[in-house]
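Hi,

Here is the structure I said I'd send over. Have a look at it first, and then read my notes below.

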Amino acid sequence: MRSLKPLDAAVESVEQATGLDPAVAATKKAVDAALPSATVRDALHGVWLGHPLHPAIMLVPLGSWISASVLDLLPRRGTQGAAQTLVGLGVLGAVPTIAAGAADWTDLHPRQQRTGLVHAAANTAGLVLQIASWRARRQDRHVRGALLSIAALGLGTAGAYLGGHLAYRQGGGTNHAERAPYDLPDAWTRLCALEDLADGTPTRLLLDDVPVFVLRRGRQVDVLFDQCAHLSGPLSEGELTGSGDDVCVTCPWHGSVFRLKDGQVRRGPSTYPQPVLRVRVDADDSVHARLGEDD
Ligand code: FES
């Protein structure tokens, strides 16, 4: 039987807490209603950045609030105004941070969403305390403001721990196609015969035991790593859109769209491109594929 450290056991119980599911469903419904635009969602995911926006932008509130508490602890006088400004800056920075996190959260698996919900609850409680701190400081109640900020940072630390667990342990923000360069062959490897491929219909084949998405169009064959970079969805079960050089596949799980030519993300939630293989069709119509740039 697996033995868990106490903190791991506590977090794992959150993952398994099906009692959270009604709250997850209600929150998801509210987030979906608040963010109906796919363009806005992509901006919040960080598709334009090629990196998830949420972990990058959270440095604004977190950095501001930690800096304010450091100023609070300094014995020098005259830093109270700066500390109040930093608390206010953190509150303002929390707004896009929450929006980016909410956009990412709606496209996660159920266990990940439970962890994400508790992560968001802890951070929201911390935000409420930081707002109260800013109001107290504005009324020249600086000791009360400093204490509220410390309490808020405690909640924020718990929220950050859960966020780290969600991203790294549960893989809720990592690149799920990252293993492609390690698993796929770097040398030309026979995939199949051209005649084995139905024209215009994606299929899933194994290349050196690694699942790949394969699409034949005449004598042109596109091959991509089959597991979606977002959360490992099977791209070979996805729908095709576009034409010519702009043909794309839509992941059947959460709707990320990747261009076949270069794996570029055309629509999130994935912010990572999909690995594309080089393909060679020989005179005997055997199809070979490999990763890598050079011949
Ligand atoms: S697995 Fe989520 S979009 Fe593909």
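Let me start with a polar contact: the side chains of Gln130 and Ser149 are joined by one of 3.0 Å. Keep in mind throughout that this is a predicted model. Gln130 sits in helix α7, which covers residues 110-138. With a relative accessibility of 1%, Gln130 counts as buried, because the cut-off for that is under 20%. If you skip the neighbours within four places in sequence, Gln130 is in contact with Trp65, Val87, Val91, Ser149, Ala152 and Leu153.

His119 is another residue of α7. It counts as buried too, at 14% relative accessibility. Again leaving out neighbours within four places, His119 is in contact with His54, Gly159, Ala160, Leu162 and Gly163.

For a contrast, go to Leu147 in helix α8 (residues 142-169). Is this leucine buried or exposed? Leu147 is exposed, with a relative accessible area of 58%.

Now the helix to look at for its geometry, α6 (residues 80-105). It has 26 residues and reaches 36 Å from first C-alpha to last, close to the 38 Å expected at 1.5 Å a residue.

Helix α3 (residues 38-45) comes with a few details at its ends. At its start, a side-chain oxygen of Ser37 comes to within 3.2 Å of the backbone nitrogen of Thr39. After α3 comes Gly46, with a positive phi near 100°. Which residues of α3 are buried? They are Arg41, Asp42, Leu44 and His45. Looking down the axis of α3, you find these buried residues within an arc of 165°, so they line one face of the helix. As a reminder, an α-helix has 3.6 residues a turn, so residues three or four places apart point the same way. The cover over the buried residues of α3 includes α2 (21-34), α4 (53-57), α6 and β8 (265-267).

On to the cores. The largest nonpolar core has 20 residues, and the members touching the most others are Leu184, Leu191, Val212 and Leu277. At least two residues of this core come from each of β1 (189-193), β3 (210-217), β4 (220-225) and β10 (286-290). There is also a second, separate core of 12 residues, with Leu235, Val247, Phe258 and Leu260 among them.

What does Val212 touch, not counting residues up to four places away in sequence? The list is Leu184, Leu191, Thr203, Arg204, Leu205, Leu207, Val223, Leu224, Asp226 and Leu277. As you can see, Val212 has Thr203, Arg204 and Asp226 among its contacts as well as several leucines.

Not counting residues up to four places away in sequence, Ser286 touches Arg190, Cys192, Ala193, Arg280 and Val281. Ser286 and Pro211 are 75 residues apart in sequence, and their C-alpha atoms are 18 Å apart in space.

Most residues other than glycine have a negative phi, and most peptide bonds are trans. Here are the exceptions I noted:

- Gly268 and Pro269 are joined by a cis peptide bond, with omega about 20°. Pro269 is in the loop between β8 and β9 (278-281).
- Asp209 has a positive phi, near 70°. Asp209 lies in the loop between β2 (203-207) and β3 and counts as exposed, at 69% relative accessibility.
- Ser232 has a positive phi as well, near 75°. Ser232 belongs to the loop between β4 and β5 (239-241) and is partly exposed, with a relative accessible area of 25%.

Cheers

Notes. Residues are numbered from 1 along each chain as its sequence is written. This is a predicted model: local features need pLDDT of at least 70, side-chain atom pairs count only at pLDDT 80 or more; totals for chains, interfaces and linings use all residues. Side-chain values use heavy atoms; hydrogens and water are left out. Helices (H or I, at least four residues) and strands (E, at least two) are DSSP runs, numbered from the N terminus. The expected span of a helix is 1.5 Å times one less than its number of residues. A nonpolar core is a set of buried Ala, Val, Leu, Ile, Met, Phe, Trp, Tyr and Cys residues joined through side-chain atoms within 4.5 Å. Buried means under 20% relative accessible area, exposed over 50%, partly exposed in between (1.4 Å probe, protein chains only). Contact means heavy atoms within 4.5 Å. The arc is that of the directions from the helix axis to the C-beta atoms. A polar contact is a pair of N or O atoms within 3.5 Å; within protein, one must be able to donate a hydrogen and the other to accept it, and residues adjacent in sequence count only if both atoms are side-chain atoms.
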